[in-house]
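Biologist: I would like to learn how to read a model like this one. Please take me through it feature by feature.

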Amino acid sequence: MNTPPSPPVAERTDGSSVRIGALVPLTRPGWVEAGQHLLAGLELAVREVNDGGGIVGRPLELVVRDTAADPQRAAAAVDELARLGVAALAGEYHSVVARAAAARADTLGLPFLCSSAVLDALTEQPTEWVARLAPAQSHGWRIYADFLLSAGHSRIAVAAEPGVYWASGARILRDYLAPRGGTVIELDMRALAPTAVCDELVGNRATALLLLVGHPEPAVSIVKSVRRDQRLAAIMIGAPAGQPEFAEWATLLGEDSTAIPFLRYLPESLSPLGARVETALRERLAEAPSFVAFEGYDTVAVLADVLRSHGADRARTAASWPRVAVEGTRGQIQFSRTPGISVWQWAWTPVQVVDRDPAQPDRFRILHAG
């Protein structure tokens, strides 16, 4: 386990700020809309912390760096933020980027509370420095596989791009479905045009197609091609990674955006805290907040509680993960060691399978819960 001595961060009583470094994808090829929602949640929580007196009288400050879905850029940002004296890191949406940030934070002895990335192997070795709010990919995607089986799908095609995250997702689905009578047919999107996907689906007698590809492309083009092929009128399109969660999906696809089930990390009904935060996020974003915005809010809520209790010393922050007990927007947040997961993990946030309602595309239907 990599537990280097933490560089001292002096406690100050002069009113200077306590700084948190925020890693967020805000430019392409990052998923910009996800980054905007994540940042909105982080910023709202920081504002509320400061309205409530800050961190023992000191203002909380967010130091934001755009990762643009680039692992090297994220690692460089971690180095910079560490030099700037941040007490902890927060954020990141893209799993491969979060993995690079987590590795660097572990090496530097800088606490990192990962908001939204789900890749199981967030670090190569167990670490005390990193904790995570989002459920591990294996947990959420198995729930999605249960949904597929319950809906009667046993021949499932996955349109997949190369990458650690997509390969991990395909493996989770295959390993879970095979013993239960399911077959996963992998379609390599490096070799297939969106229109050619349709012929593959027909030839393989698939009843469901899962999009394990980037947004907006090639995901949008694949959906359009499949929806327009009369041979595939009965096929279900799914997107476990959550592409249909954001408004851009509906804008780009219109009626074709609906009835595509995806994973969302929200409870069936929000607590009073969750409902209040939802209202504030809706005002800040000028649209319905995604679960990613709630993840951002909860990240700062946890870090603020830790910083109030243990000060801005990095080693004390990292040592506090197993003692966290914070009421978040989606339930009581506590961290534990989970088999197969190398970081401190909230096990588990609520998990739903939802889709956009064909009768009302801005409304989500809950299809399955885990």
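**Reading the model**

Modeller: T317 is buried, as its relative accessible area is 1% (buried means under 20% relative accessible area, exposed over 50%, partly exposed in between, with a 1.4 Å probe and protein chains only). T317 belongs to helix α11 (helices are DSSP runs of H or I with at least four residues, strands are runs of E with at least two, and both are numbered from the N terminus). Before going on, note that this is a predicted model, in which local features need pLDDT of at least 70, side-chain atom pairs count only at pLDDT 80 or more, and totals for chains, interfaces and linings use all residues. Residues are numbered from 1 along each chain as its sequence is written, and side-chain values use heavy atoms, with hydrogens and water left out.

Biologist: Which residues is T317 in contact with, leaving aside neighbours within four places in sequence?

Modeller: Contact means heavy atoms within 4.5 Å. By that rule, T317 is in contact with P111, V306, L307 and G311, once neighbours within four places in sequence are set aside.

Biologist: Where is S342 found, and is S342 buried or exposed?

Modeller: S342 sits in the loop between β13 and β14 (344-346). Its relative accessible area is 9%, so S342 is buried. Outside the four places either way in sequence, S342 is in contact with D120, L122, T123, Q125, P126, T127 and R337.

Biologist: What does P361 touch, apart from residues up to four places away in sequence?

Modeller: P361 touches T258 and R356 under that condition. P361 is in strand β16. P361 counts as partly exposed because its relative accessibility is 32%. From P361 to D256 the C-alpha distance is 9.6 Å, and the two are 105 residues apart in sequence.

Biologist: How do I read a pair of helices? At what angle do α4 and α5 cross?

Modeller: Axes are lines fitted to C-alpha atoms, for helices over the stretch in contact, and angles run from 0 to 180 degrees between N-to-C directions. Helix α4 (residues 137-150) and helix α5 (residues 164-177) cross at roughly 50 degrees, and their axes come within 9 Å. That makes α4 oblique to α5 (under 35 degrees counts as roughly parallel, over 145 as roughly antiparallel, 65 to 115 as roughly perpendicular and the rest as oblique). The crossing of α4 and α5 is right-handed (the near helix is turned clockwise from the far one by less than a right angle; anticlockwise is left-handed).

Biologist: Which residues make that contact?

Modeller: From α4 come Q137, S138, W141, R142, A145, D146 and L149; from α5 come Y165, S168, G169, A170, I172, L173, Y176 and L177. By class, the contact of α4 with α5 has nine nonpolar, four polar and two charged residues (Ala, Val, Leu, Ile, Met, Phe, Trp, Tyr, Cys and Pro are nonpolar, Asp, Glu, Lys and Arg charged, the others, Gly among them, polar).

Biologist: What about α2 and α3?

Modeller: Helix α2 (residues 71-83) packs on helix α3 (residues 95-108) at about 35 degrees, with the axes 8 Å apart. Their crossing is right-handed. In the contact are P71, A74, A75, V78, D79 and A82 of α2, with V96, V97, A100, A101, R104, A105 and L108 of α3. The classes are eleven nonpolar, no polar and two charged residues.

Biologist: Which residues of α7 are buried?

Modeller: In helix α7 (residues 219-227), A219, V220, I222, V223, S225 and V226 are buried. They pack against β6 (155-160), α6 (194-203), β8 (208-212), β9 (236-238) and α8 (247-253).

Biologist: How many aromatic pairs does the structure hold?

Modeller: A pair of aromatic rings is described by the distance of the centres and the angle of the planes. The structure holds eight aromatic pairs (rings of Phe, Tyr and Trp, its six-membered ring, with centres within 6.5 Å; planes under 30 degrees apart are stacked, over 60 edge-to-face, the rest tilted). One of them is F262 with F364, edge-to-face at 5.8 Å centre to centre and 80 degrees between the planes. F262 is in strand β10 (residues 262-264) and F364 in strand β16 (residues 360-369), 102 residues apart. F262 is buried at 0% relative accessibility, whereas F364 is partly exposed at 22%.

Biologist: Which cluster includes W31?

Modeller: W31, Y93 and F246 form one aromatic cluster.
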